[in-house]
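Here are a few notes to go with your first look at this one. Have the viewer open as you read.

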Amino acid sequence: MAQSLRFLSPPPTVGIPSKLSHSVPPIPSLRRPFPCPRLRHAFSICAAASPSPDLVVPLGGTAASSIDVDAVTEAELKENGFRSTRRTKLVCTIGPATCSPQQIEALAVGGMNVARINMCHGTHEWHREVIRQVRRLNEEKGFAVAVMMDTEGSEIHMGDLGGAASAKAEDGEIWTFSVRAFNSPLPERTIIVNYDGFAEDIRVGDLLLVDGGMVRFEVTEKIGPDVKCRCIDPGLLLPRANLTFWRNGRLVRERNAMLPTISSKDWLDIDFGISEGVDFIAVSFVKSAEVINHLKSYIAARCRDKEIAVLAKIESVDSLKNLEAIILASDGAMVARGDMGAQIPLEEVPSAQQKIVRTCRQLNKPVIVASQLLESMIEYPTPTRAEVADVSEAVRQRADALMLSGESAMGQYPDKALAVLRSVSLRIERWWREEKRHEAMELPVVANSFSDKIIEEICNSAAKMANNLGVDAVFVFTSTGHMASLLSRCRPDCPIFAFTSSTSVRRRLNLQWGLIPFRLSFSGDMESNLNRTFALLKARGMIQSGDLVIALSDQLQSIQVMNVP
Ligand SMILES: Nc1ncnc2c1ncn2[C@@H]1O[C@H](COP(=O)(O)OP(=O)(O)OP(=O)(O)O)[C@@H](O)[C@H]1O
Ligand SMILES: CC(=O)C(=O)O
Ligand SMILES: [K+]
Ligand SMILES: [Mg+2]
């Protein structure tokens, strides 16, 4: 049977799609067994993977092309068979190192599912150009990369270093932190602080931590708007780095704790994001569920035709206190470990991560693990062993997505860093399959109505059946994407093909674990939907006769098990 042949055919030699492996840096434990000939072969397939005309869906195309799937996924499916497609999604922050069309395309080919822009940096013109490049690539080359806008928030941070990319603070040096408006160039060893109350709130003897302790200063003197500090832990200062101050071993939260989560500048950025049609808005330093509800109703009133998902960044003490309520109100969350590590003791960050990932999964919200996953790759082409272990742990927790920050925004090896995330994800996921590690997590009911409860039960049962029967894929026909996300929550052993008629739902589903979103128009007649889908996918070499599939529909509330004819 074709189906059993697929099971028996050897898995890809290592857990990375070989067509992309030419750019994978050498992680010893993952190094493929026969580098040279395979790599050359791999490279030629990569050329096909960078979208060739047959992968690009022509407008008003033929029947065989009237289904849209991301070109990179399609190439992976064809090459490896769909059981080994990557389940963990990848988010890349776009910055000076990755903002050209070629660089963005390289990330898309490398498996970027979501492009993040951080409103802490850059102008609207810069961000607009990035968003449009991503959209253009999607249209012209068949990618489905979503765009996430990350707000600045009103925490205390440094200014932009007068244009310098970074500055080195050495042990014992005296630096001035000031709320004054300087004309550039800035005086030597001077840092502008964005929060007007800074010089009044801070005291002599306080510790001033840059980026949660990457660099530390002790306050030695206050002179009006200027605060003189001695560097006690040297390091690199980056533009707009976060600042916190500590007194007697505790984080000091003075009047800045009263600053709004969404500042007036953030609202302007949000309006910009809405007008540019971003797919996600990630809200920094969320303190409570109210702010999420507020933003969601603002978005709903402004864009009735399209939806923008709101993600809560969990990075403050308050967000950890109100975790469940915040996650319930949001469409997803981010474990923003960078600032979180500046607000709670570092040794508490891993357990907070685990708790957030679990809570999101239980409440059926996608979750991203972010910050410093591969920090050393900002400068070096290979990760540390500890970084690989950290990435593996996030994958093992079955987080929906992993994120690159500085590694892709301003690092020297953005493509290599992305390749490491990809290869480590694939390796762990293959290990699950080999060891038959089904994930059995207690999943509470999230439905609010009886009809939602039926959908939820169908998804739970389908995922269990998929594991027990060893099916090749679950197909879900969903208009809103909700049924697809409920299936993803179960983390079944096989990929989930999610068919939706909306391009924006399809892009948003791209953040969720194990989902391969397709755009396809379909009817209420499952029989004809399935026949058409099978024909379309077979014509593109993405499935074969005999493949065992479970098919679900949210319209019909149905579940079917069948072999592809
Ligand atoms: N659009 C941009 N323009 C210039 N530099 C950028 C841009 N985006 C990111 N960077 C650089 O990359 C570094 C890391 O980026 P990132 O935006 O992910 O910071 P972060 O501290 O993780 O996020 P956040 O500010 O939300 O806490 C920044 O410190 C900055 O130097
Ligand atoms: C991503 C982010 O905002 C942080 O880690 O702080
Ligand atoms: K931000
Ligand atoms: Mg942050």
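1. A term to start with: a residue is called buried if 20 or more other C-beta atoms lie within 10 Å of its own, exposed if 12 or fewer, and partly exposed in between. Also keep in mind that this is a predicted model.

2. Now try that on Asn364, which sits in the loop between α12 (349-362) and β17 (367-370). Asn364 has 21 C-beta neighbours inside 10 Å, so it counts as buried. Its phi is positive, about 60°, although Asn364 is not a glycine.

3. Gln372 is another non-glycine residue with a positive phi, near 60°. You'll find Gln372 in the loop between β17 and α13 (385-396). With 19 other C-beta atoms within 10 Å, Gln372 is partly exposed.

4. Next, have a look at the helix pair α4 (residues 101-109) and α5 (residues 124-141): their axes come within 10 Å and cross at roughly 55°. That angle is why α4 counts as oblique to α5. The crossing is right-handed.

5. Who meets whom there? On the α4 side it's Pro101, Ile104, Glu105 and Ala108, and on the α5 side Gln133, Val134 and Leu137. By class, this contact has 5 nonpolar residues, 1 polar and 1 charged.

6. Last stop, ligand 2. Among the residues around it are Ser284, Lys313, Glu315, Ser371 and Ser405. Helix α11 (residues 337-343) supplies the largest share of the shell, 3 residues. Sorted by class, the shell of ligand 2 has 4 charged, 4 polar and 2 nonpolar residues.

Technical notes
Residues numbered from 1 in each chain as written. Chains lettered and ligands numbered in written order. Predicted model: local features only at pLDDT ≥ 70, side-chain atom pairs only at ≥ 80, totals over all residues. Axes fitted to C-alpha atoms, helices over the stretch in contact; angles between N-to-C directions. Helix = DSSP H or I, 4+ residues; strand = E, 2+ residues; numbered from the N terminus. Parallel < 35°, antiparallel > 145°, perpendicular 65-115°, else oblique. Left-handed = near helix turned anticlockwise from the far one by under 90°. Contact = placed C-beta atoms within 7 Å. Nonpolar A, V, L, I, M, F, W, Y, C, P; charged D, E, K, R; others polar. Near = placed C-beta within 6 Å.
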